[in-house]
Amino acid sequence: MAALRFPPELLVQAQGTGLAIKLAIFDVDGVLTDGRIYIGERGEEFKAFSTLDGHGLKSLQQAGITPVIITGRDSPAVRRRVADLGLAHAVYGAGDKLAAAEPLLARLGASWGEVAAMGDDWPDLPLMTRAGFACAPPGAHAEVLAVAHHVTRAAGGHGAAREYCDLLLMAGGHYERLLNAHHATLDGGTSP
């Protein structure tokens with residue numbers, strides 16, 4: 001039995017307005033990171049990512065929910081993180097995130113009601129207001145917080161995306177199965 005709990009009405013909302021969430025969109029700066037950008041003396045960017053968030057993204061993939069990164073910036077650090085996680089769909093340097101998302105939805109056969117979106121600032125609003133479910137970290141801009149169906153307890157870059165992933169997994173009925181798979185031992189038994 002899982003220790004994590006969400007209110008039943010939130011779980012229903014997190015199912016989206018379609019049949020189920022098929023695609024989860026993530027912003028990067030302020031969602032997968034804490035929003036700070038470190039720039040070295042040679043112009044290189046450094047960002048810190050949470051391993052909790054990374055495991056959440058991989059869990060979505062295991063559940064058949066496609067994670068998509070749509071970010072307004074482009075940096076080698078983000079590209080490296082996306083590649084390390086094995087994410088197949090990412091758009092970098094998106095000045096218009098809606099224009100970036102529309103062809104992806106068409107290619108992946110998802111309607112907006114089957115999409116969840118997590119963002120923290122104005123460029124994310126077109127995605128969040130169309131998505132069947134919208135989520136934001138607590139440090140998001142006030143206008144983003146106003147349209148979010150759920151505001152995470154965890155901060156951006158510190159497990160907010162994992163909380164979003166766990167919520168989607170639980171709402172879709174995948175969480176217990178994935179959790180139980182991690183309890184299994186190498187000899188096929190289960191841990192106490």
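Tutor: With a relative accessibility of 34%, Arg73 counts as partly exposed. The model is a predicted one, and this applies to everything below.

Arg73 pairs with Asp29 in a salt bridge whose closest N and O atoms are 3.7 Å apart. Arg73 sits in the loop between strand S4 (66–70) and helix H3 (76–85), while Asp29 sits in the loop between strand S1 (23–26) and strand S2 (38–39), so this pair ties together parts that are 44 residues apart in sequence. Asp29 counts as buried because its relative accessibility is 13%, and the cut-off for buried is under 20%.

Arg73 also forms a salt bridge with Glu45, and here the closest N and O atoms are 2.2 Å apart. Glu45 is in strand S3, so this second pair links the loop between S4 and H3 to a part that is 28 residues away in sequence. Side chains of opposite charge can pair when their charged atoms come close.

Arg80 is exposed, at 56% relative accessibility, whereas Asp84 is partly exposed, at 47%. Returning to Arg73, salt bridges that share partners join Asp29, Glu45, Lys47 and Arg73 into one network. The whole structure holds 11 salt bridges.

Ser50 lies in the loop between strand S3 (45–46) and helix H2 (51–62). Ser50 is buried, because its relative accessible area is 11%. A polar atom of the Ser50 side chain is 3.1 Å from the backbone nitrogen of Leu52. Setting aside residues up to four places away in sequence, Ser50 touches Leu32, Arg81, Gly157 and Gly159. The C-alpha atoms of Ser50 and Ala160 are separated by 9.2 Å, although these residues are 110 apart along the chain.

Now the nonpolar packing. In soluble globular proteins, nonpolar side chains tend to be buried together. The largest nonpolar core here has 36 residues, and the members that touch the most others are Phe26, Leu60, Phe133, Tyr164 and Leu168. At least two residues of this core come from each of helix H1 (8–13), S1, H2, H3, strand S6 (115–118), strand S7 (133–136), helix H7 (160–171) and helix H8 (175–183). H7 supplies the largest share, 8 residues.

Leaving out neighbours within four places in sequence, Phe133 is in contact with residues including Leu10, Ile21, Val115, His149, Leu167 and Leu168. A second, separate core has 23 residues, among them Trp112, Leu125, Ala136 and Ala140.

Last, the cysteines. How many disulfides does the structure contain? A search of the whole structure finds 0. Cys135 is in no disulfide, and the nearest cysteine sulfur, that of Cys165, is 9.4 Å away. Cys135 counts as buried, with 0% relative accessibility. Cys165, likewise in no disulfide, is buried, with a relative accessible area of 0%.

Notes. Residues are numbered from 1 along each chain as its sequence is written. This is a predicted model: local features need pLDDT of at least 70, side-chain atom pairs count only at pLDDT 80 or more; totals for chains, interfaces and linings use all residues. Side-chain values use heavy atoms; hydrogens and water are left out. Helices (H or I, at least four residues) and strands (E, at least two) are DSSP runs, numbered from the N terminus. Buried means under 20% relative accessible area, exposed over 50%, partly exposed in between (1.4 Å probe, protein chains only). Contact means heavy atoms within 4.5 Å. A polar contact is a pair of N or O atoms within 3.5 Å; within protein, one must be able to donate a hydrogen and the other to accept it, and residues adjacent in sequence count only if both atoms are side-chain atoms. A salt bridge is a side-chain nitrogen of Lys or Arg within 4 Å of a carboxyl oxygen of Asp or Glu. A nonpolar core is a set of buried Ala, Val, Leu, Ile, Met, Phe, Trp, Tyr and Cys residues joined through side-chain atoms within 4.5 Å. A disulfide is a pair of cysteine sulfur atoms within 2.5 Å.
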